[in-house]
Amino acid sequence: MSERMEIYKCEVCGNIIEILNAGYGTLVCCSQPMQKLEEHKNDETAQEKHVPILTSNDHEKTIRVGSIPHPMENEHYIMFIEAISHDKVWVKRKFLKPGDEPNLKFSTDGDKMIARELCNIHGLWSNNYD
């Protein structure tokens, strides 16, 4: 059974989907089962840093990608950054393209959330903030 907010990718055409309503069955694209993207949480072995980092001031929160800036080139970039409430009731998401700054700025009352980002080469990365 799939779960809300899981992300799947078609290895043939590159379609990427996110589950909005959990259900049974196999997700299929291009006549093949789609692959669930596993969330990476530790990037010590990665060349670039990918773990989303949350910072905040009085009125605004920022999620940036990694402890050093992630490349945002045509061949290698962050596709999106998102903040998800722990109860998965709200999502704040920013889609990115090459040349954009890899961060998401937003306002929210709560500090408990999951920060995620998707790198077009190195996959899905997340960090929990309790």
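User: Which residues of the largest nonpolar core touch the most other members?

Analyst: A nonpolar core is a set of buried Ala, Val, Leu, Ile, Met, Phe, Trp, Tyr and Cys residues joined through side-chain atoms within 4.5 Å, where buried means under 20% relative accessible area, exposed over 50% and partly exposed in between, with a 1.4 Å probe and protein chains only. Here the largest such core has 15 residues, and Ile63, Ile78, Ile81 and Phe106 touch the most other members. At least two residues of this core come from each of strand S7 (61-65), strand S8 (78-85), strand S10 (103-106) and strand S11 (113-119); strands are DSSP runs of E with at least two residues, and helices are runs of H or I with at least four, numbered from the N terminus. This is a predicted model, in which local features need pLDDT of at least 70 and side-chain atom pairs count only at pLDDT 80 or more, whereas totals for chains, interfaces and linings use all residues. Residues are numbered from 1 along each chain as its sequence is written, and side-chain values use heavy atoms, with hydrogens and water left out.

User: What does Phe106 touch, not counting residues up to four places away in sequence?

Analyst: Contact means heavy atoms within 4.5 Å. With those neighbours set aside, Phe106 touches Leu54, Glu60, Lys61, Ile63, Ala83, Lys92 and Met113.

User: In what order do the four strands of the open sheet run?

Analyst: Strands of a sheet pair through backbone hydrogen bonds, either parallel or antiparallel. Two strands count as paired if DSSP finds at least two bridges between them. In this structure the open sheet has the order S9-S8-S11-S12, with antiparallel pairing. Strand S9 (91-95) and strand S12 (123-129) are at the edges and have a single partner strand each, so one side of each is left without a neighbour in the sheet. Direction ignored, neighbouring strands of this sheet are turned by 15° against each other on average, the axes being lines fitted to C-alpha atoms, for helices over the stretch in contact, and angles running from 0 to 180 degrees between N-to-C directions. Seven bridges join S11 and S12 in the antiparallel sense, and Met113 has Tyr129 of S12 as its bridge partner.

User: Is Glu6 buried or exposed?

Analyst: Glu6, in the segment before strand S1 (7-9), is buried, with a relative accessible area of 11%. A polar contact is a pair of N or O atoms within 3.5 Å; within protein, one must be able to donate a hydrogen and the other to accept it, and residues adjacent in sequence count only if both atoms are side-chain atoms. The side chain of Glu6 makes such a contact with the side chain of Tyr8 at 2.8 Å, and the Glu6 side chain also reaches the backbone nitrogen of Glu3 at 3.0 Å. Beyond its neighbours within four places in sequence, Glu6 is in contact with Ile17, Glu18, Ile19 and Lys36. Ile17 lies in strand S2 (residues 16-18) and is partly exposed at 30% relative accessible area.

User: How many disulfides does the structure hold?

Analyst: A disulfide is a covalent bond between the sulfur atoms of two cysteines. It is counted when a pair of cysteine sulfur atoms lies within 2.5 Å, and this structure holds zero. The sulfur of Cys29 has its closest cysteine sulfur in Cys13 at 3.7 Å, which is too far for a bond. Cys119 is in no disulfide either, the nearest cysteine sulfur being that of Cys13, 19 Å away. Cys29 is buried at 13% relative accessible area, and Cys119 is buried at 3%.
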